[in-house]
Amino acid sequence: HKPNKKRKKAIRRKQVFMKVINIRNLSIGSGMPVICAPVTGRDMKEITDQAEKVSESAADMLEWRCDWFEEKTVSAFMTALGNIREAVGDEMPVLMTLRTRSEGGEWDISPEDYMKIYKNLIDKADTCNGTFPDKLPGTGHDIFPDLIDVQLSAGEEIVSALVSAAHKKDIKVIMSSHDFNKTPSSDHMKRILLNMQEAGADIAKMAVMSRSMQDVLRLLSVTEEMSRSLQIPLITMAMGRMGLITRLSGEDFGSAVTFGTAGRASAPGQIDTERLKDVLKLIHES
């Protein structure tokens, strides 16, 4: 008895997604790619309003880009995390990302200060006012992020320290690398993803800029190969108009998360979460 075409496709997809991370009620690395929507508010009201929009959208996960926030103190960050958790409830995972300017972010910060901010947040310690409670008063909502994004470019010692601190608190680490100028060689992209796995990442993420369809095809080829050889889920995307296909084809090529908008975009090429969900469902059901 030979499997039909749909069965063959199911088998192939199962082979691509062999490594799964479970966070709250979400599985990352199995089936349709998870949709993550960014919050990029400059002040507390914008952050809360955007978080509410994400909770009402087709997104499965929220990414808070804290480098956009104008109040750059640990206590303000913790308050914002509490507001975000209250807005999205207990089921939606929250990813916290501090992106430096060298990787396309909004904050020009040294590697040492980058580590200090994240470490204080992970330890939930305010350097002036003591410690924070584990739960939001009166709500029962915790104020930890479920995941943090750690830049591989921060350096081996800093990355190692942050991974260790996060894992002690059961916070997952998405390790990231961004190239806003080009798509590196295939071998270089493979080395980046392998380095992330060796550095202790729970999920490896790589974003590159596509200048041609050949760039896009190389990234997709690397993604498919590495999704089979890595022991962790991965996320890849080609930024820009030509890279749109990489945000839609994760289920077949092995990228476990895609980023869409429920308001302001945080990177070139992101599309609305509702449209994104419709296309992903169409691909999944075909």
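Reply: A salt bridge is a side-chain nitrogen of Lys or Arg within 4 Å of a carboxyl oxygen of Asp or Glu. This is a predicted model, in which local features need pLDDT of at least 70, side-chain atom pairs count only at pLDDT 80 or more, and totals for chains, interfaces and linings use all residues. Residues are numbered from 1 along each chain as its sequence is written, and side-chain values use heavy atoms, with hydrogens and water left out.

Me: How many salt bridges does the structure hold?
Reply: Among them is a network of salt bridges that links R24, R85 and D146. The number in the structure is twelve.

Me: How many residues apart are D49 and K45 in helix 2?
Reply: The side chains of D49 and K45 form a salt bridge, N to O at 2.7 Å. Helices are DSSP runs (H or I, at least four residues), numbered from the N terminus. In helix 2 (residues 44-56), D49 and K45 are about one helical turn from each other, because their separation in residues is four.

Me: Is K45 buried or exposed?
Reply: Buried means under 20% relative accessible area, exposed over 50%, and partly exposed in between (1.4 Å probe, protein chains only). K45 has a relative accessibility of 60%, so K45 is exposed.

Definitions and conventions. Helices (H or I, at least four residues) and strands (E, at least two) are DSSP runs, numbered from the N terminus.
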